[in-house]
Amino acid sequence: MSPNSPNSTTVATPQKLETNSAATRIRNLLIVLAAIALSVSIFFGLRTQTPSSSLTAMAKASAPLETALANGKPTLMEFYANWCGSCQAMANDLSEIKQKYAEPLNFVMLNVDNDKWLPEITKYRVDGIPHFVYLNNKGSAVAETIGEAPRTIMEANLEALIAGKELPHAQATGQVSNFTPATGPVKTSSSDPRAHGSQVQ
């Protein structure tokens, strides 16, 4: 009987078993390495998305600008963007500060990517974010800070703002994400409450 005949049987030799065993080990090792790499990439992918979504959640929970200007409480107004690394870096501290000072202060967040806020962006000359504007209880700007700031500096400024005193770190500048505001006319829609007089010439 020849080895190529249909009735022949193949007998596994020790050499073939060792080759199959080595191939199986290599395949299993590659599967384990791929699983580890996938797990690490998912972990870091989810981790980098968290601050952006928390900025969005913080903005939704913040006071509307019109309410903050009219309720007689001092206000911290932040110009931010979800893509801003400095804004994301400060998100956790600002969330805790907001909880601590929720009663005596308004917290307003204005996204620089929303054309609705172009008049405010222009008024406060926002060219780097995060950009913080401290408003007294009458709605007038008393100080501004630009860029990342340590929590202690933010809290010292807020304590002074609540007390009606001069802010100790009024012109502080930290790490900034550059921003160039749009220069075209502001497009308004009928759903924009500030557009009530836009049809009047």
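**Close-ups of a predicted model**

**View A. The largest pocket holds about 200 Å³ of space.** A pocket here is an open set of points on a 1 Å grid over the protein atoms alone, where a 1.4 Å probe fits, with protein on both sides within 12 Å along at least five of seven lines; the volume is the space filled by probe spheres set on those points, joined across faces, edges and corners. This is a predicted model, where local features need pLDDT of at least 70, side-chain atom pairs need 80 or more, and totals for chains, interfaces and linings use all residues. Residue numbers start from 1 along each chain as its sequence is written, and side-chain values use heavy atoms, without hydrogens or water.

**View B. Fifteen residues line that pocket.** Lining residues have an atom within 4 Å of a point; A59, S62, M109, L110 and W117 lie nearest the centre. Strand 2 gives the largest share, four residues, and helix 2 (65-70) supplies at least two. Helices (H or I, at least four residues) and strands (E, at least two) are DSSP runs, numbered from the N terminus.

**View C. Helix 5 (residues 151-163) has the span you'd expect.** Just past helix 5, G164 takes a positive phi of about 75 degrees.

**View D. D93 sits in helix 3.** D93 is partly exposed, at 30% relative accessible area (buried is under 20%, exposed over 50%, partly exposed in between; 1.4 Å probe, protein chains only). Its C-alpha lies 9.4 Å from that of M154, 61 residues away along the chain, and M154 is one of the buried residues of helix 5.

Methods
The expected span of a helix is 1.5 Å times one less than its number of residues.
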